[in-house]
Amino acid sequence: MAADHNAYSPGSRTPSTFHQRSHSRSASWSYTSGNGQITLAPLNPIRSVIREFVPSFGHRSPGSRSSASSPLSPLSPSSYVNIAEVLRDANDEEDTGTNRMSNFTAVNVNSGNSSEADAEHGDANMAPGNSNSSGNGSGRAAGDRVEFQGTISWLEKSLPFVILLLSRIMWDHRLGILVFIGLCGTFLHANSTVKRQVSLKDRRLNRISLWTFIFLSGNVFFIYYVFYNQHLENWKPFFSRMDVWTVFWCVGITDFVIRFITMALKSMVVVQHRKIIPFRRRGKYYLLIENFSHLYRMLVPIPLWFAFFTEYNYGGEYFAVIATTLYLLLKARMIINKIQEVYAACKVFGHDVQYGSPPSKEETVEAGNSCPICQEELKDPIKLRACKHIFCEDCISLWFDRERTCPMCRAKVVADPTWRDGSTATYVILF
């Protein structure tokens with residue numbers, strides 16, 4: 001081995017024996033004892049091989065003064081490499097080569113010559129892509145969360161100002177708000193009272209219905225007395241300028257007044273004797289009164305909104321004409337539909353509906369001679385055509401003013417019984 005490790009001098013013309021045997025590598029080397037380094041001849045092939053494992057080999061460091069003085073310079077006659085560093089760098093490059101090979105097999109995973117190992121490496125290489133996609137999704141979610149938190153923060157900062165603004169608006173319109181609250185309370189109380197008295201039938205208290213009539217009539221007169229200078233009873237109240245708040249005020253007050261009058265009329269129907277207005281026909285009276293009330297409530301706002309849309313500043317006459325025309329067309333469509341409903345209510349009022357026929361004595365005895373609704377002896381019994389159950393005629397008529405099915409078997413007998421129970425619409429027709 002000593003003979004094989006003879007040093008090769010760069011200036012020597014005669015190659016050593018080892019150099020001749022290793023001509024296929026086109027390089028020779030020798031070991032310098034005592035310093036633990038290998039002396040490599042500056043031959044390009046072996047340098048290329050080493051650069052594959054040590055990328056920094058043969059390049060000048062930025063701090064080197066000259067190419068001749070640098071041990072890694074390609075111009076130096078010999079290079080000295082530390083064995084431990086070369087082995088460590090070689091191991092690192094091995095790992096890098098493995099990763100590079102994984103990337104290569106991931107590109108060729110669909111080729112016919114790829115092996116199962118290549119497919120496994122391809123799947124492993126696709127995993128980072130999936131993680132990137134999930135990372136992008138989490139990034140978007142984080143962005144949305146930050147934006148939502150910013151919106152909440154803005155709302156928290158703006159809330160005091162919004163409360164202050166609303167308090168100022170409520171203070172400026174305190175009279176209208178208080179009047180609206182009082183009218184709503186009055187309406188809800190009167191409506192529930194009328195419905196309760198209608199449902200009691202013979203057990204109703206006429207004094208309560210009369211008091212309801214007086215109370216509602218007094219409210220109407222009180223409203224017109226307090227706001228007499230506005231002339232709310234006219235089709236066009238007295239105001240210097242019809243802005244939107246003025247229109248809402250006039251329409252709202254008038255709508256409450258009409259509903260108060262409607263409930264007062266229903267209270268007068270309640271107190272009537274059964275011989276004047278039978279109980280089985282009272283639902284039709286309530287239906288007719290309510291439909292005419294709806295029609296009148298839809299006609300009242302037309303002059304007010306017409307005056308509002310026709311008022312315009314200089315240059316706004318074209319817009320006023322277009323807005324007024326559109327409003328009138330919209331209102332005409334609504335009025336036509338309501339007229340059809342009133343016509344249907346008039347037909348129902350004029351037509352005496354028979355839910356069944358009188359039963360025989362045997363059928364009455366078999367039914368126990370007791371009405372399932374009032375739990376009393378049958379009066380003017382009637383047997384339903386749909387299900388053959390027997391009830392008092394007044395009881396079942398009152399039942400069908402609220403329901404459309406038989407109280408015993410839930411078979412459908414009548415159509416929609418809306419407004420036959422004495423109730424009044426709770427919504428305000430503002431336009």
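Strand 4 (residues 356-357) and strand 5 (residues 381-384) run antiparallel and are joined by two bridges; strands here are DSSP runs of E with at least two residues, helices are runs of H or I with at least four, and both are numbered from the N terminus. Two strands are taken to pair if DSSP finds at least two bridges between them. The model is a predicted one, in which local features need pLDDT of at least 70 and side-chain atom pairs count only at pLDDT 80 or more, while totals for chains, interfaces and linings use all residues. Residues are numbered from 1 along each chain as its sequence is written, and side-chain values use heavy atoms, with hydrogens and water left out.

The three strands form an open antiparallel sheet in the order 4-5-6. Strands 4 and 6 stand at the edges with a single partner strand each, so one side of each is left without a neighbour in the sheet.

The UniProt record, an unreviewed entry, places the feature "domain: RING-type" at residues 371-410; such annotations may be inferred rather than shown by experiment. This span is 20% helix and 18% strand, and its end C-alpha atoms lie 16 Å apart.

Gly283 is found in helix 8 (residues 279-299). Its relative accessible area is 0%, so Gly283 is buried (buried means under 20%, exposed over 50% and partly exposed in between, with a 1.4 Å probe and protein chains only). Apart from its neighbours within four places in sequence, Gly283 is in contact with Asp401, Trp419 and Arg420, contact being heavy atoms within 4.5 Å. The C-alpha atoms of Gly283 and Arg420 are 4.2 Å apart, although the two residues are separated by 137 residues in sequence.

Helix 7 (residues 244-270) includes Trp245, which counts as exposed because its relative accessibility is 57%.
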